[in-house]
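This report concerns strand pairing and helix packing. Please consult the sequence and the structure below.

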Amino acid sequence: MFRLPPEGAHKVAETALGVPGIWNVPKAFNGARNEILKTNLAGISLPTPVGMAAGFDKDCKVLGSILNLGFGFMTGGTVTLASRPGNPKPRMVRLPDQKAVMNSMGFPGQGLEPALKRLSKSQKYKSRVLVSIAGTIEDEIFECLRRTQPLISGIELNISSPNTAGLKIFHEPARLRGLIEGLVSEKQVPLFVKLPPWPRDDENRREILKLAATAVDAGVDGLVVANTHPIESSRLQVGRGGLSGAPLFEHTELMIADIQAQVQGQASIIACGGVSTAEHVWQLLAKGASAIQLYTSFIYEGPGLPARINKRLAKLMKAAGITNVADISGDPPVIK
């Protein structure tokens, strides 16, 4: 797979995951049936706190196959109202020595209508499917929410992709408040807002924590912390993009602590960035997250990753005498 260009490898993986029947087999061995891992995310009941982040299944083609690998939930999209070509290529670069990826995708996708058709055919998975939506004007976002929410269990509002022009208009607190209050008045499922990352010693940190406070005050059910980290690179055609993968984990842990101190349990938190092990999941849950999302580690570790994390997390919990994910605290026990 790694001999192929990144987008070519992704296409091959997507095609393989679309083969009927094969991906029902892992259900019996993926560790997601262990009662100890049951998780509540803003009222959504999940078999495990380990989810797939938005970006892998942009057009909602292989939701069921991904869930059968052992993920507790799956975030499709990001879906936009109209189809979009995304940014010019090259727009995805692997950094194998860091187990990281740079991307400047820019929301390529087929648009809302094809996604709706696929979601309507995947209703047996509805209780564990979230969809990420975005747009550059409010009306586009409202339309995506109205039409997707009958088919899914939660909405993730992406206002933070560093690769997409126009989203920063929603980083203005008054504009964000108006958008969220409008969505809250119409939502029928939990609403999550995906935040941009922030440095700890920068003015930007205060601005983004203010966005988080605004979102919670306006009525969101949860926050996703955080999107890819902005990076400049001549290897990307547009010269800049977002960094994901292993280098982000330590920063993710710090951001979760920041957000938990800010929201004080008023909103559920999904931690996203650099997660690749059960110990990582433990550490983020202990800091205040209700669930986690991963994506880049799946590229490097393969389809067995969610099952390995589930089984290891259950083993860690049993070693610590913990029977509920919500009770995880402190450092994970050291076990072989």
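Angles between axes under 35 degrees count as roughly parallel, over 145 as roughly antiparallel, 65 to 115 as roughly perpendicular, and the rest as oblique. Axes are lines fitted to C-alpha atoms, for helices over the stretch in contact, and angles run from 0 to 180 degrees between N-to-C directions. The model is predicted: local features need pLDDT of at least 70, side-chain atom pairs count only at pLDDT 80 or more, and totals for chains, interfaces and linings use all residues. Residues are numbered from 1 along each chain as its sequence is written, and side-chain values use heavy atoms, without hydrogens and water.

Helix 8 (residues 278-287) packs against helix 10 (residues 305-319) at an angle of about 60 degrees, and their axes lie 8 Å apart. The two helices, helix 8 and helix 10, are therefore oblique to each other. Contact (heavy atoms within 4.5 Å) involves Ala278, Glu279, Val281 and Trp282 of helix 8, together with Ile309, Arg312, Leu313, Leu316 and Met317 of helix 10. Of these contact residues, seven are nonpolar, none is polar and two are charged.

Four strands form an open sheet in the order 5-6-12-11, with antiparallel pairing; strands pair if DSSP finds at least two bridges between them. At the edges are strand 5 (92-95) and strand 11 (229-232), each of which pairs on one side only. From one strand to the next, the twist averages 30 degrees.

Strand 6 (residues 100-103) and strand 12 (residues 240-245) run antiparallel and are joined by four bridges. Ser244 in strand 12 is the bridge partner of Val101.

Terms used:
Ala, Val, Leu, Ile, Met, Phe, Trp, Tyr, Cys and Pro count as nonpolar, Asp, Glu, Lys and Arg as charged, and the others, Gly among them, as polar.
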